[in-house]
Amino acid sequence: MSLSLPHALAVWRRDAAMYRRTWKLNILPNFFEPVFYLLSIGLGVGAYINEMGGTPYLVFLAPALVCVAAMNGASYEVTYNIYVRLTFEKAYDAMLTTPIEPDDVLAGEVLWAVTRALIYGGCFFIVVAAAGLAPLPGGLWILPLLPLTGLLFATIGLVFSLRIPNIDLFSFYYTLFLTPLFLFSDVFFPLRERLPAHWLWVAEVLPLLHPVRLARRAFQGEFSPVMLWDLTYILAVSAVLLLWARRDMDRRLTS
Amino acid sequence: MIVRLRSVSKIFGSRIAVNALDLDVPPGLCFGILGPNGAGKTTTLRMVYGVTRPTAGSIEVFGLDLKKHLRAVRSRLGVTLQQNVFIEALTPIENLRVFGRYHLLREPELSRRIDEVIEFLELGSHANMPVRQLSGGFQRRLAIALSLMNRPELLIMDEPTTGLDPAVRLALWSRIRELRAHGATVLLTTHYMDEAQRLCDRVAIVSDGRVVDEGAPGDLIAAHLAPEAVEVDCTPEEESALLDGTIRAARRLRVGRRVTFYLSDAAPLVERVRAADHRRPLVVRPTNLEDVFLALTGTSLEAAA
């Protein structure tokens, strides 16, 4: 096995060519979703909350939701879309008749999921910034976080997608994994403040929590040593899962 | 040799898909692998372009060891898969562009190749409509066009005309012949005997993962069966009365009521059948590859006593 970047980019361009056909339809919901969350949770629920984590609730919520958007963007891509390409469209069977190898397929797909995370999260950020909720230019530090969030959730989703026997199991992934992450990863309230002391480690295990914590710090313009731990978590977990996905991808595409 | 397989086996779990197979595909020929469904044809092709790894044996393509030169080999061959793979929402041109990039083609060469394959497969009138609106015949042409984007020296086709109507099959055969005439080597699988006989210079008959026999279609027929075949509907009792000890069929094949006799001269038997009952259904035809195939792989064929 070997990786060739030009071939991985050819895989990426296939996905981009498909997306270009529908991007106008896809990108509108990307803008509405954050607006609805900010209105309902931020302004609606937030009206009953004086402050959270030392800031107005809307300011607490906004950077976290940007990360959630990036997570969702990558997740859609590596779950249903990958599964369909793998099982129904047989797209990879066609690629493997050319010099493209399974490693290139994996790299191209991860790169595309990262791109989608950037598009989703980027749209959300624009709305947040337009609403005056992002400190500029310091808040721009959230942008390099979006591909990292995308990478983390691309690798998590890929490992799942490459191992499940049928498409119906994605409902478990969404309702039993992504939704709880969304609800408990510091997005709506600081989880650590609600956990008993000996359960604090639970918070550190949740993958979404790390990008969210980094995003909030980026908006606050503060740097602290815990950010190094968050970055290490994201990179290390992504790397391990990527190796795992690599083995599974090769097993699924060749025999 | 363009393709050279030596004692290649592939075992999936407990099933032996390909069993110590030897295969030599010489350059410039159309070579057919002929066999029933499940004989190991697709697995053999997949091993030739390297997505299925053999359990044992060695594979060389273009004289290169496939294990060591996978990308280099794949850049010089094209594959038409059994099942068409397209991005259905996109047009043929867009599909060709995406596929051409898999071979790292860039503009302006990419557009030049697209024009070339569209012209060659006469796809021009349908080049700008979404693929999902194309008929089965045009989709198959597009599938072949995709596999020609890198101007392959070796074209591998897995059942290129299965499920197509006769006119489309004829049109595709003429394209394949033209590719061969321009120097490409074609390696195809089929379970259509007429396709193998009309299109292939050489065929290998495969059954249960092994090559049963191999050669030019005409030579295979001559080697295994008498040149004339007579098909008659009759019971076994009527059959012995018809033959009456005086006509000696080299071999015969019975399927239900229908018996096929293979003879060097059909005339005496035809006369006898006509004399006994002139309304009895009777077919006289040249022996074909299908007969050879049944003779080599079928169990119901028996040497005449």
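Of the 305 residues in chain B, 42% are buried, where a residue counts as buried if 20 or more other C-beta atoms lie within 10 Å of its own, as exposed if 12 or fewer do, and as partly exposed in between, with C-beta atoms placed from the backbone. This is a predicted model, in which local features need pLDDT of at least 70 and side-chain atom pairs count only at pLDDT 80 or more, while totals for chains, interfaces and linings use all residues. Residues are numbered from 1 along each chain as its sequence is written, and chains are lettered from A and ligands numbered from 1 in the order in which they are written.

**Overall build of chain B**
- Chain B holds 11 helices and 15 strands, these being DSSP runs numbered from the N terminus, with H or I over at least four residues for helices and E over at least two for strands.
- The C-alpha trace of chain B spans about 75 × 45 × 35 Å along its principal axes.
- Among contacts in chain B between residues at least 6 apart in sequence, 71% join residues at least 24 apart, a contact being two residues whose C-beta atoms, placed from the backbone, lie within 7 Å.

**An open sheet**
- In chain B, 4 strands form an open sheet in the order S2-S1-S4-S5 with antiparallel pairing, and two strands are said to pair if DSSP finds at least two bridges between them.
- The edge strands are S2 (15-25) and S5 (64-65) of chain B, each of which pairs on one side only.
- Strand S1 (residues 3-12) and strand S4 (residues 56-61) of chain B pair in the antiparallel sense over 5 bridges, and Arg6(B) stands opposite Ser58(B) in S4(B).

**Helix H8**
- In helix H8 (residues 217-224) of chain B, the residues Pro217(B), Leu220(B), Ile221(B) and His224(B) are buried.
- These four lie on the same side of H8(B) because they cover an arc of only 100° around the axis, the arc being that of the directions from the helix axis to the C-beta atoms.
- On the other side of H8(B), Gly218(B) and Ala223(B) are exposed.
- The cover over the buried residues of H8(B) includes helix H7 (193-199), strand S9 (202-207), strand S10 (210-215) and helix H11 (289-297) of chain B.

**Contact with chain A**
- The contact takes 20 residues from chain B and 21 residues from chain A.
- Helix H2 (70-75) and helix H3 (92-102) of chain B each supply at least two residues of the side that touches chain A, and H3(B) gives the most to that side, with 4 residues.
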